[in-house]
Amino acid sequence: MKKTAVAAFIFLGVVWGSNFIFVKWAAQLISPLQITLLRVLFGFLPVLAYAVSTKALKRSHWRHAHHFLAMSLLATAVYYFAFAKGTALLDTGIAGMLGGAIPLFTFLCAWLFLRSEQINTVKTLGIALGFAGILIVARPWSSQGVISPAGICYMIFGALSVGGSFVYAKRFLSPLGLPAAALTTYQIGSALFLLLLVTPLDGIEVVFLNPRAGVGLVVGLGLLGTGAAYLAYYYIVEAFGALTASAVTYIPPVVALLIGAAIGEPITTGSWIAAGLILAGVALVQIHAQIRKPRDVGSAGVVDVVRPRGG
């Protein structure tokens, strides 16, 4: 079991770090909203299949449908759309670095809205380091306009959205004690329904005429980056515990930077410094919080279960 969990750990880091290049390829052909719809559609299929096979879905769960709807917006539809929009405007490596800052925004949301989350010197230092890294990425002092401010804002908005989802899950979903497979299925399924209502479908088929973009979107972003990634994450939590599972947060930004370098993006020393600061900030906030207040695996709280989920 442990060897399989290690393989799942590596799989998650690589897949989540690769998500950004898949978005870049698809964004050349279809809109970010269409990318989000197709990602959720193909990510929903393996999650639904697993939930059905394990008999995790119950009709009685649907009395909590309003909570599933809220989570579908915060943790799926808005989050994925904002990251797709931001990634389309930024280099792959930059988007990956900003995606790695999700735990920072998760803690900020928890501190603002959950009385149980307290700030201290270590966490303050972590937040400061993380935002210093984001500042280096954004480079607002640059007069060359190389970095898209809109792209940065979309990535931050997406991180805030998913950060807020952990707070919502902590307050309203964790006490219900529902199976993780069921919650994930309801969340992604509700997001799919909402996206079908608002997404223009004109021209969406163009992405399938390009093998690279089509396979990247369907397999990379959907089946693997969303569906299989959810299942792999929960498997790692069960095998190693939430503290170890949260360490996967540190892999995707590095993978995204390496991919960016491989495709010729300008990866500077400053980029690596920024990534290091963001990840150091995440480590201080994340590890200190989990050591101080260990939780059981079943909780969906913001401290004990951190799901970066890539771009």
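Student: How far does the backbone oxygen of Tyr186 lie from a polar atom of the side chain of Ser190?

Tutor: The model is predicted, and the distance is computed from its atoms. Ser190 has its place in helix H8, which covers residues 180–198. A polar atom of the Ser190 side chain and the backbone oxygen of Tyr186 are separated by 2.8 Å.

Student: Does Ser190 count as buried or exposed?

Tutor: The cut-off for a buried residue is under 20% relative accessible area. Ser190 touches Trp62, Phe68 and Ser72, not counting residues up to four places away in sequence. Because its relative accessibility is 11%, Ser190 counts as buried.

Student: Which backbone oxygen does the side chain of Thr184 reach?

Tutor: Thr184 also belongs to helix H8. With 3% relative accessibility, Thr184 counts as buried. Its side chain comes to 2.9 Å from a backbone oxygen, that of Ala180.

Student: Leaving aside neighbours within four places in sequence, which residues is Thr184 in contact with?

Tutor: A contact requires heavy atoms within 4.5 Å. Once the neighbours within four places in sequence are set aside, the partners of Thr184 are Val47, Tyr230 and Tyr234.

Student: At what relative accessibility does Gly227 count as buried?

Tutor: Not counting residues up to four places away in sequence, Gly227 touches Gly43, Pro46, Val47 and Gly222. Gly227 counts as buried, because its relative accessibility is 0%.

Student: What separation do the C-alpha atoms of Asn210 and Ala26 have?

Tutor: Asn210 sits in the loop between H8 and H9, and this residue is partly exposed at a relative accessible area of 28%. Its side chain reaches the backbone nitrogen of Arg212 at 3.1 Å. Asn210 and Ala26 are 184 residues apart along the chain, and their C-alpha atoms are separated by 9.0 Å.

Student: By what distance are the C-alpha atoms of Val6 and Ala239 separated?

Tutor: Val6 lies in helix H1, residues 2–27, and counts as partly exposed at 41% relative accessibility. Along the chain, Val6 and Ala239 are 233 residues apart. Between their C-alpha atoms the distance is 9.2 Å.

Student: How far apart are the end C-alpha atoms of helix H6?

Tutor: Helix H6 has 18 residues, running through 121–138. At 1.5 Å a residue, the helix should span 26 Å. The distance in the model agrees with this, because the end C-alpha atoms of H6 are separated by 26 Å.

Student: Which residue caps the N-terminal end of H6?

Tutor: The cap is made by a side-chain oxygen that lies 3.2 Å from the backbone nitrogen of Val122. The residue supplying this oxygen is Asn120.

Student: Which residue just after H6 takes a positive phi?

Tutor: Most residues other than glycine have a negative phi. Just after H6, a positive phi of about 45° is taken by Arg139.

Student: What value is phi of Lys55 near?

Tutor: Lys55 has its place in the loop between helix H2 (32–53) and helix H3 (65–89). At 65% relative accessibility, Lys55 counts as exposed. Its phi is positive in a residue other than glycine, with a value near 55°.

Student: How many disulfides does the structure hold?

Tutor: Cys109 is buried, with a relative accessible area of 8%. Cys153, by contrast, counts as exposed at 51% relative accessibility. The number of disulfides in the structure is zero.

Student: How many helices does the secondary structure of the protein come to?

Tutor: Buried residues form 54% of the 311 residues in the protein. Of the contacts with a separation of 6 or more, 86% join residues 24 or more positions apart. The secondary structure has zero strands, and its number of helices is twelve.

Conventions:
Residues are numbered from 1 along each chain as its sequence is written. This is a predicted model: local features need pLDDT of at least 70, side-chain atom pairs count only at pLDDT 80 or more; totals for chains, interfaces and linings use all residues. Side-chain values use heavy atoms; hydrogens and water are left out. Helices (H or I, at least four residues) and strands (E, at least two) are DSSP runs, numbered from the N terminus. Buried means under 20% relative accessible area, exposed over 50%, partly exposed in between (1.4 Å probe, protein chains only). A polar contact is a pair of N or O atoms within 3.5 Å; within protein, one must be able to donate a hydrogen and the other to accept it, and residues adjacent in sequence count only if both atoms are side-chain atoms. A disulfide is a pair of cysteine sulfur atoms within 2.5 Å. The expected span of a helix is 1.5 Å times one less than its number of residues.
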